[in-house]
Amino acid sequence: MSIKLERVAELSGLPMSWRAYATDGSRYFEEGKFEDAMRCFLRAEEMVGEGDNETLVCAVYHNLGNMYLLGQGCEADAARAVAFYKKSVARGFEPSFHNLRTIYVNGRGKGQGNELSVEQPFCHPLGSRRSYASLHCRG
């Protein structure tokens, strides 16, 4: 069991940065403590600023997307998963783009009041135009 930065901050009285919350979230996730991981990732997400544009920010959004999609540490919510994947995609994170595309292809969320069909071309943030206009929810 690793020492969490959250505990160190609590003992020292020093505030934690979003990076520390993201790191703890990853550690909790690896230990299977999904509720704690979700709490840390959400706290990190709240603290991220506009200028913070690094891989760790994308990983926080991507992990939140995965957790909402699979219901790890929360109720499964495909619409929230898509929202977090889109945040990560907007910063150029390819794994989130792949997951978002897979969601659209498979039509996750259909019939739950949050249909995820694609009506217009979806542009990859890195510049290559990948049209998914022909993809529709199955069912």
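Glu35 sits in helix H3, where helices are DSSP runs of H or I with at least four residues, numbered from the N terminus. Because its relative accessibility is 55%, Glu35 counts as exposed; the cut-offs are over 50% for exposed, under 20% for buried and partly exposed in between, with a 1.4 Å probe and protein chains only. Its C-alpha atom is 9.8 Å from that of Met67, 32 residues away along the chain.

A word on the ground rules: this is a predicted model, in which local features need pLDDT of at least 70 and side-chain atom pairs count only at pLDDT 80 or more, while totals for chains, interfaces and linings use all residues. Residues are numbered from 1 along each chain as its sequence is written, and side-chain values use heavy atoms, without hydrogens and water.

Beyond its neighbours within four places in sequence, Val60 is in contact (heavy atoms within 4.5 Å) with Ala22, Phe41, Ala44 and Glu45.

Finally, look at H5. Its buried residues are Ala78, Ala81, Val82, Phe84, Tyr85, Ser88 and Val89. They lie on the same side of H5 because they cover an arc of only 170° around the axis, taken from the directions from the helix axis to the C-beta atoms. After H5 comes Gly92, with a positive phi near 90°.

Technical notes. Helix = DSSP H or I, 4+ residues; strand = E, 2+ residues; numbered from the N terminus.
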